[in-house]
Amino acid sequence: MLNVGKIEEGIVLDHIAAGKSLSIYHHLHLDKLDCTVAIIKNARSNKMGKKDILKVECDINTLNLDVLAFIDHNITVNIIKDGKIVDKKELVLPKEIRDVIKCRNPRCITSIEQELPHIFVLSDEKKEIYRCKYCEEKCRERF
Amino acid sequence: MRHLMSPLDFTVEELDRLFDLANDIENNMAKYAHTCDGKKLATCFYEPSTRTRLSFEAAMLNLGGSVIGFSDAGSSSAAKGESVSDTIRVISCFADICAMRHPKEGAPMVAASRSSIPVINAGDGGHQHPTQTLTDLLTIRSLKGHIGNFTIGLCGDLKFGRTVHSLINALVRYPGIRFIFISPEELKVPSYITDMLKENNIPYQEVIRLEEIMPRLDFLYMTRVQKERFFNEEDYVRLKDFYILNKEKMRLAKKDMLILHPLPRVNEISVEVDDDPRAAYFKQVQYGVYVRMALILTLLGIHV
């Protein structure tokens, strides 16, 4: 089995659905951070069968965890300090997400006005439904 | 500063005040004839809509104000590629209030976010048409004296008809409303609406034929069933007459049932019904002017 070493300070995103780690890597803009990142795909998991894990050695405040909650709020976020887990963050669905997903409604004003931010608003917390702020089209994109 | 994007932007109490004002305007037109002297309404219509635009213009002229604007995108700076955000900033320098219709959904909201004058959504694609809903509510309230405790039948294209969806969303805030949806299978009201009704314990029924429920209705809201919405010609031919209101079907209705229609009508209400005292759809157009007058005064903060 492949071994990836511990990190001293940063976050470990555990229980990512298998195959989703790369999408999370991009949405958290980890490609733009100058830090060590380990992407572990298809790790064995008792709970999930297979899972992905992301280890990021960075200041936790640099990451937008709201985006993470939108993508999958079942992900476990472990905060690491001095090589140990010091906190587990609970993810809550953000009320609003900005420029993470694009509105696919061809009749939406965002389809012609390029400079507009793509904003989705949480319209039903129970059913986890987000709607475009402008045209109220339901977000169909799942990660 | 307030705008109007959706009929739900106003609370029930605020709507009551708006409708009180509209009824006062109806009864005392002269009192309001100069309330907007020197004010300008910009009608920014990126797609043609004669009825709505003229209703807004008539409303402003009745208040003593004047009107500027354009009535299709081709004659505006949009043809040169100007954004809605820029257009509204410019219009804000010319006018005191703006009514905007745009084929793209959410365009008036973008305008409102950049505007220094109140913006009224005069229809954005298949999304919202709040002043039509305000018109419908004012008509119901004026002709029945109140909104609530009645059975309303909504008939025709309930799947794509935005006026129907907006009206349902607005009516659920009032007590004792019972809905009956009359439509072919292909054009049933979307499930997100029936789910919302179930969650709020609001009674509704879905039927295919108009005749069977006619005697129970206090209001019948008619909309057009378009041929192109059907999957095949055979279904269209089989069902189209179910949704044409004529004298014969009106015999089944209560003596005081009222017929509403957002107009334009094609053939879904036979012209023979027009002389029936229960036909309220042309009165509805008149109430549309009163409610727009009340809305202009309210958004401009003018108290009489």
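B:Ala294 touches B:Leu18, B:Leu21, B:Ala22 and B:Ile25, leaving aside residues up to four places away in sequence, where contact requires C-beta atoms, placed from the backbone, within 7 Å. This is a predicted model, in which local features need pLDDT of at least 70 and side-chain atom pairs count only at pLDDT 80 or more, while totals for chains, interfaces and linings use all residues. Residues are numbered from 1 along each chain as its sequence is written, and chains are lettered from A and ligands numbered from 1 in the order in which they are written.

The largest nonpolar core has 112 residues, and those touching the most other members are B:Ala22, B:Cys98, B:Met293, B:Ala294 and B:Ile296. Such a core is a set of buried Ala, Val, Leu, Ile, Met, Phe, Trp, Tyr and Cys residues joined through C-beta atoms within 7 Å; buried means that 20 or more other C-beta atoms lie within 10 Å of a residue's own, exposed 12 or fewer, and partly exposed in between. Helix α10 (residues 281-300) of chain B gives the most to this core, contributing 10 residues; helices (H or I, at least four residues) and strands (E, at least two) are DSSP runs, numbered from the N terminus.

## A helix pair in chain B

The axes of α3 (residues 84-94) and α4 (residues 107-114) of chain B come within 8 Å and cross at roughly 50°, with axes fitted to C-alpha atoms, for helices over the stretch in contact, and angles running from 0 to 180 degrees between N-to-C directions. That angle makes α3(B) oblique to α4(B), a class left over once under 35 degrees counts as roughly parallel, over 145 as roughly antiparallel and 65 to 115 as roughly perpendicular. In this pair, B:Val84, B:Ser85, B:Ile88 and B:Arg89 of α3(B) meet B:Ala107, B:Val110, B:Ala111 and B:Arg114 of α4(B).

## Strands of chain A

Strand β4 (residues 76-81) of chain A is joined to β5(A) by 5 bridges in an antiparallel arrangement, with A:Val77 opposite A:Lys89. The two form a hairpin with 2 residues between them, and A:Asp82 in the turn has a positive phi of about 50°. Of the 6 residues of β5 (residues 84-89) of chain A, 0 are buried, so this strand lies largely in the open.

Definitions and conventions
Contact = placed C-beta atoms within 7 Å. Pairing = 2+ DSSP bridges.
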